[in-house]
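Biologist: Could you walk me through this one? I'd like to look at the picture first and then ask about a few spots.

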Amino acid sequence: MKSDSKLLSAPYTVWMTVFIVVPMLLVGYFAFTDKAGSFTLENILSVGQYSNVFLRSIWLGAVATVISLGLGYPFAMIIARANVRRQNVMVMLVMLPMWMNFLLRTYAWMTLLEDNGLINSALAAIGLPRIHMINTAGAVVLGMVYNYIPYMILPLYSVLTKIDKSVIEAAQDLGANSREVFVKVTLPLSMPGVISGVTMVFVPAVSTFIISKMLGGGGNLLIGDLIDMQFLGSAYNPNLGSAVSLVLMVIILICMGIMNQFDDGEVGEKGGMLL
Amino acid sequence: MKKAGGRIYTFLIFLFLYAPILVLIVYSFNDTETGSRVVWGGFSLRWYRKLFEDRLIMEALRNTLVIAVTAAVASTVLGTVAAIGINGMKRLPRRIMMNITNFPMVNPEIVTGVSLMLLFVSAVRLFGGRSLGMASLIAAHITFCLPYVILSVLPKLRQMDPNLYEAAQDLGCPPIKAFFKVVLPEIMPGVMTGMIMAFTLSIDDFVISYFTSGTTQTLPIYIYSMTRRRISPEINALSTVLFAAVMVLLVIVNVRNLKDQSGQQKEEV
């Protein structure tokens, strides 16, 4: 099996070269050339004009990630403490919405948040003033949290269930109160799950373009919308679009690099298997 | 007291996760002339009738299924063979291969999408041929499914005793036959997981399809165009049908798993 097996991965190598490596090189090529195909730095430099879009994307993505962590951590703890049968049911219930297309889930929020939507109708019915919710930055964050919170809960849950209960009991026996147990034992031991969850929420949230379009109206343009506009939208300019994509990739890689500093190296695999 | 708090919190989180879906489902049965998404006009199945009469939706559904089945089968075969190759590699080449495999999973989907679009558009410009459509969609879907297949097959290969395959050959089994009789049954659970994952990822994919589809419609792309027009409750009916299909699939898979488990327990006894 050892001697003849190397050739077996040849078709895969060819496939990934053609459909992953070459396309990435093309993105680089387009980013550094103009329409005639000669070398230029203009595209990369003009990405600077959109720094507000980048800052908004990173800010909204970060807010959504923090909210997901804040809501998801206690919930993961509740699941991890339930009995095994209940755990399985709850995990399944967390995963079930992910099986529904995310466009439909986001569309559902449009129905709820609209000025004449269900929430506002309900508010009006009990005599409260209507709230303008759709087409705001808050609606975009809500959409991100809603779509990506399972990616936070599941890795946290899988790490929390693996924590040895006797370690926590030992801390209690040695006189730690519940707050100390959490801060000094549970939280540090669950860090791999936190890191994996944060990455899995932040990366898609920063690069999304549908959620902002559907819930944010026209005023909350994100990096993804910018790229979309350059490739399939009115502002057709694949060279600029490639430059924006390149910068987005670099930002994501830097963020992942920072996260990996806290990482013991095996989280990526665990997170990947959960998907 | 603490327990009650936990219960309420659990309820609120599940309310947050399921309220939008429930609203979609309830309003799919709404009987309105105007297609309002808020006013309740009584129970009816009219949007379901309209859905199944919609030729475009049915065509999009057919495309989606053709792409998903082709991509799942192709990526499973290619990925399983590749995983065997990678498993037999020395350390350095294996690390290189794993990095290439992990890359599309880490890279933002939208960047993968536009990079593939650039590839297909450039290829058409250089070599001629038809522009974006089913072929480019299938190629793109195979590409993003492959890493998931490899990552679910590799652990099974590592668990396997490498002597088994050699023993089969020592006993006179030709390599191909030894693969089907010895290796494949051992790694089958991983292969099946990979294939199911590939199938569901392909059905659900919007971002990469959006950039590589040209004028071809898949179900997610059609849903996207519907949400931009924001009118018909047909979309609610479609969501409900899809949600029901997923539920039925999950129940079948789980029942099968339970049966497998109890079967194994009996064998052990």
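Biologist: In which helix of chain B is Ala123(B) found?

Modeller: Keep in mind that we're looking at a predicted model. Follow chain B along to Ala123(B), and the helix you land in is α5.

Biologist: How far apart in space are Ala123(B) and Gln159(B)?

Modeller: Along the sequence, Ala123(B) and Gln159(B) are separated by 36 residues. In space, going from C-alpha to C-alpha, the distance is 41 Å.

Biologist: Are α3(B) and α6(B) parallel, perpendicular or oblique to each other?

Modeller: Helix α3 of chain B covers residues 55-87 and α6 covers 134-159, and their axes come within 6 Å. They cross at roughly 40°. Angles under 35 degrees would count as roughly parallel and 65 to 115 as roughly perpendicular, so α3(B) is, relative to α6(B), oblique.

Biologist: What is the handedness of that crossing, α3(B) passing α6(B), and how many nonpolar residues does the contact have?

Modeller: The crossing of α3(B) past α6(B) is right-handed. Sorting the contact of these two helices by class gives eight polar residues, one charged, and a nonpolar count of 20.

Biologist: Which helix gives the most to the side of chain B that touches chain A?

Modeller: The contact takes 55 residues from chain A and 57 from chain B. Several helices of chain B supply at least two residues each, including α4 (91-106), α5 (109-127) and α11 (234-268). By class, that side of chain B has 43 nonpolar, ten polar and four charged residues. The top giver, with eleven residues, is α1(B).

Biologist: Over in chain A, which residues of α10(A) does α9(A) meet?

Modeller: The axes of α9 (residues 165-173) and α10 (residues 178-189) of chain A come within 10 Å and cross at roughly 145°. From α9(A), the residues involved are Val167(A), Ile168(A), Ala171(A) and Gln172(A). In α10(A), they meet Val181(A), Lys184(A), Val185(A) and Thr186(A).

Biologist: What is the phi of Asn135(A)?

Modeller: Asn135(A) is in the loop between α7 (118-125) and α8 (137-162) of chain A. Most residues other than glycine have a negative phi. Asn135(A) isn't a glycine, yet its phi is positive, at about 60°.

Methods:
Residues numbered from 1 in each chain as written. Chains lettered and ligands numbered in written order. Predicted model: local features only at pLDDT ≥ 70, side-chain atom pairs only at ≥ 80, totals over all residues. Axes fitted to C-alpha atoms, helices over the stretch in contact; angles between N-to-C directions. Helix = DSSP H or I, 4+ residues; strand = E, 2+ residues; numbered from the N terminus. Parallel < 35°, antiparallel > 145°, perpendicular 65-115°, else oblique. Left-handed = near helix turned anticlockwise from the far one by under 90°. Nonpolar A, V, L, I, M, F, W, Y, C, P; charged D, E, K, R; others polar. Contact = placed C-beta atoms within 7 Å.
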